[in-house]
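Have the sequence and the 3D view open, and try each task before reading its solution.

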Amino acid sequence: MFASLARIPDTPGTFGLIFWSGVLLALLIAIGVLAVIEQRMFRARGKGGGALFVRLCSLPILALTVAAVLFAARAVSGMEGLAVFYIALFTLAPLLWFGLHWLAGWLASPRLGRGESAWLAVSGLLMLSLPVGIVSALQMPYFHLVRLIDGARVAATDQRRLPHDVRPVLRFRLAAVGGGTGDLLVQSLRAPAGVTVERVEVMSGGHWADTATQMHPYMCRNGADLHFAWRPGTALPRLRLHWRDASGAALSEFQPADPVALPPAADFLPRWHGGGVDLPVPLPRDIVTVSDQGGAGRYFRALPVSLDHAYDCLLSGERLTAASAGDAVSALRISVDPGATDRGLQALFAKPDPR
């Protein structure tokens, strides 16, 4: 069984596409079967044409009902708009939905009675809610199945020593906002030629989670290389790297941590030139912001000049610019754990005055 699970498409995205496409196809078939049974029931009464006309009217009725509810909610601003939305959803929407179905049944040929029109309105709601209910019910089984498949695939994958060159931990001194200094530790994993990192997972809540779906300001990727930045004494989570080389797929675990003896601290010195700034070491993009106004509070996310969004690292030697109108950078801000009162650090660097 586990060998069969391990052969299921090797990326969660591929498996998810196949799984949910199958669910959608099954739902479409089920709705089609229900519509055929309903149509045959009305044909037996000699009202097949009228029922088909009302069913075809259900789509424009749905569009009109949704538009009316949204228009009523948007007509009121603030939290009152949310209240108006719910009131309209439970009052205006049923009136329009059932009232327009009754009108369509009266206009149909042969004409439908109110009870028959109401039946079509109710069955239409059931057909609309069936996909939502089924998809919601399948969410948890789907995630359990994904974890089972991933566990089987991991068990079948060769666990090897990390192929990367694990660089020593470096320590930088940052000038904290409001006076004082704070230290920042950085470390890099450099991949050798021929190694491709397919996925990086983090141990979270007792389960391995793909870092591509999480915010991780302590880590960034640049191709197969990984770079870390953290405050001394911060416990970073354990990572699992899924990688591949000429001999096949493999996985390795790694956990960045403070060295036994902290190295001497060097000043964090950005290099200013032209309209941008260079970092002395690679840093995660989530902790770096820049400003086009020295000392101002208007900061933007930093981007390399190449505007390469494929990975989330700001590398050393890349001239960073502001992700705004492209104005010259005058200030650089490094924010590490800003929400932590005991470990948070924010450092500002202003471009030197050339005079």
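Strands β9 and β10 (residues 248-254) pair in the antiparallel sense, with seven bridges between them. Keep in mind that this is a predicted model.

**Exercise 1.** Work out which strands make up the sheet, and in what order.

*Solution.* Start with the order: five strands line up as β1-β10-β9-β5-β6 in an open sheet, and the pairing is mixed. Now look at the edges, which are β1 (158-159) and β6 (207-210), each pairing on one side only.

**Exercise 2.** Follow the pairing from β9 through β5 to β6 and find how many bridges join each pair.

*Solution.* First, β5 pairs with β9 in the antiparallel sense over six bridges; here V202 stands opposite L239. Next, β5 and β6 also run antiparallel, joined by four bridges, and E201 stands opposite D210.

**Exercise 3.** Is R240 buried or exposed?

*Solution.* Find R240 in strand β9 (residues 239-245). Its relative accessible area is 6%, and buried means under 20%, so R240 is buried. Now look around it: R240 stands opposite E253 in β10, and its side chain makes a polar contact with the side chain of E201 (2.7 Å). R240 also touches other residues, including D150, V154 and W208.

Note on methods: Residues numbered from 1 in each chain as written. Predicted model: local features only at pLDDT ≥ 70, side-chain atom pairs only at ≥ 80, totals over all residues. Heavy atoms only, no water. Helix = DSSP H or I, 4+ residues; strand = E, 2+ residues; numbered from the N terminus. Buried < 20%, exposed > 50% of the residue type's maximum accessible area, 1.4 Å probe, protein only. Polar contact = N/O pair within 3.5 Å; in protein donor to acceptor, adjacent residues only side chain to side chain. Contact = heavy atoms within 4.5 Å. Pairing = 2+ DSSP bridges. Lists of a residue's contacts leave out its neighbours within four places in sequence.
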